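These are my notebook entries on a single structure.

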Amino acid sequence: MEQPISVTRSNFNDWMVPVFAPANFIPVRGEGSRIWDQENKEYIDFAGGIAVNALGHAHPVAVNALTEQAKKLWHVGNGYTNEPVLRLAKQLTENTFADKVFFCNSGAEANEAALKLARKVGLDSGVAGKSGIVAFNNAFHGRTLFTVSAGGQPKYSQDFAPLPNGINHVAFNDLEAAKAVINEQTCAVIVEPIQGEGGVIPADIEFLKGLRALCDQFGALLIFDEVQTGVGRTGALYAYMNSGVIPDVLTTAKALGGGFPVGAMLTTDKFAPHFSVGTHGTTYGGNPLASAVAGAVFEFINTPEVLEGVKHRYQYFLDALNALNAEHQIFEEIRGQGLLIGCELKAEYAGKAKDITTWAGEEGLLALIAGPNVVRFTPSLIIPEQDIDEGIARLKRALAKLAK
Ligand SMILES: *Cc1c(COP(=O)(O)O)cnc(C)c1O
């Protein structure tokens, strides 16, 4: 066989549209929570592909599901349904509040579907002008024009004006502010149970309960964006299960495919019929390959052992981070739930989160940021304790560079 052409990190700058600034090494192989780059240098993976690689890398359950399905049927188009997608829909509806599922390929597409569904339900209600969407400052819902407009970070949307209108942003965790803008013209409220990209900030349970009550009062859909918090990330199958607040629509992606692109919008029999034949669609959504992998990943994660294991690892991680912080006094607060952990830097280190992840890379650790002041960890849900220990040791060496 011919050798593949050799490529280097500098080729990224040669050939790629520069929306990303990737690290200066190229990962080529992974196993569990470890990754190796082109030079065969090893890294501990505390990033998990941004809360995606829930079973780590090359897990046999996911590899088998993918390769078995790859030999059978990849794609037929939505003029035909297929067995893996029906099995996955059964799993998702049997294990959540939902009765119906729409499949797509990413978190943004799942949210796009949710927001479009809400607009359609609003239209069908017959209430004039029922198209208003309430969203929150600092939220992140994806990069399509609609979802980036619903997101609460103007720096991601303002360059693409004119934006879809009718979206109102208020402060997160401020129920009074939400109350002031939710009314008869509101068709949806969209919220993350834990703001991920926005800095790993959990929603207060009273806030979510209040939003639920306001949505009931004014006939608006409550949409939980669980793209980051879903599929075991918080130690519950979905984060809404921790709060007891049940949404009308839930979006899920990231960990759902364990690294294979897939997304889904879950809803109830009350709202699903508003998306009648032809009102929305997708070419790849619900394809057999993605559905087979997601089905296997979901089945593996949705067990008491794995979900309890996430809670156990959270405590283990937290203890290690607190011990590190007691020594070095770098983090103002360490917060999150399950294996979605954010470490907010003390004021004197403000703006240094990106530098810390760069130094972590030098020390052989993959880590994330969530804004300029928060270092974020979203590792595999089954990361071994010894990999946590080794990763923390490497983090400690990276943090030593900050002190200098
Ligand atoms: C990552 C993320 C998205 C966007 O998902 P993509 O797959 O990148 O489109 C949406 N919402 C939340 C909460 C996310 O974390």
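The entries below follow that order.

**Entry 1: the model.** I record at the outset that this is a predicted model.

**Entry 2: the shell around the ligand.** Which residues surround the ligand? I listed Ser106, Gly107, Ala108, Asn111, Phe140, His141, Gly142, Glu192, Asp225, Val227, Gln228 and Lys254. Sorted by class, this shell holds three nonpolar, six polar and three charged residues.

**Entry 3: polar atoms at the ligand.** For glycine 107, a backbone N or O atom lies 2.8 Å from an oxygen atom of the ligand. For phenylalanine 140, a backbone N or O atom is 3.2 Å from a ligand nitrogen atom. With glutamine 228 the side chain is involved: one of its polar atoms lies 2.7 Å from an oxygen atom of the ligand. I also noted the ligand's area: taken alone, the ligand exposes 380 Å², of which the protein buries 81%.

**Entry 4: the second largest pocket.** I turned next to empty space in the model. Rolling a probe the size of a water molecule over the atoms shows where such space is left. The second largest pocket has a volume of about 710 Å³. It is lined by 34 residues, and Asn78, Val101, Phe102, Phe103 and His280 are the closest to its centre. By class, the lining divides into 16 nonpolar, 16 polar and two charged residues.

Which element gives the most to this lining? I found that S4 does, with four residues. Helix H4 (83–94), strand S4 (100–104) and strand S12 (263–267) each supply at least two residues of the lining.

Entry 5: In general, strands of a sheet pair through backbone hydrogen bonds, either parallel or antiparallel. I looked up an open sheet of four strands, whose order is S13-S14-S17-S16 and whose pairing is antiparallel. Its edge strands are S13 (331–337) and S16 (368–369), each of which pairs on one side only.

How many bridges join S16 to S17? Two bridges do, and strand S17 covers residues 374–377 and runs antiparallel to S16. Which residue stands opposite isoleucine 369? I recorded valine 375, in S17.

Technical notes. Residues are numbered from 1 along each chain as its sequence is written. This is a predicted model: local features need pLDDT of at least 70, side-chain atom pairs count only at pLDDT 80 or more; totals for chains, interfaces and linings use all residues. Side-chain values use heavy atoms; hydrogens and water are left out. A residue is near a molecule or strand if one of its heavy atoms lies within 4 Å of it. A polar contact is a pair of N or O atoms within 3.5 Å; within protein, one must be able to donate a hydrogen and the other to accept it, and residues adjacent in sequence count only if both atoms are side-chain atoms. Accessible areas come from the Shrake-Rupley method with a 1.4 Å probe; for residues, only the protein chains shown count as cover. Ala, Val, Leu, Ile, Met, Phe, Trp, Tyr, Cys and Pro count as nonpolar, Asp, Glu, Lys and Arg as charged, and the others, Gly among them, as polar. On a 1 Å grid over the protein atoms alone, a cavity is a set of points where a 1.4 Å probe fits but cannot get out, and a pocket is an open set with protein on both sides within 12 Å along at least five of seven lines; lining residues have an atom within 4 Å of a point. Grid points are joined across faces, edges and corners, and a volume is the space filled by probe spheres set on the points. Two strands pair if DSSP finds at least two bridges between them.
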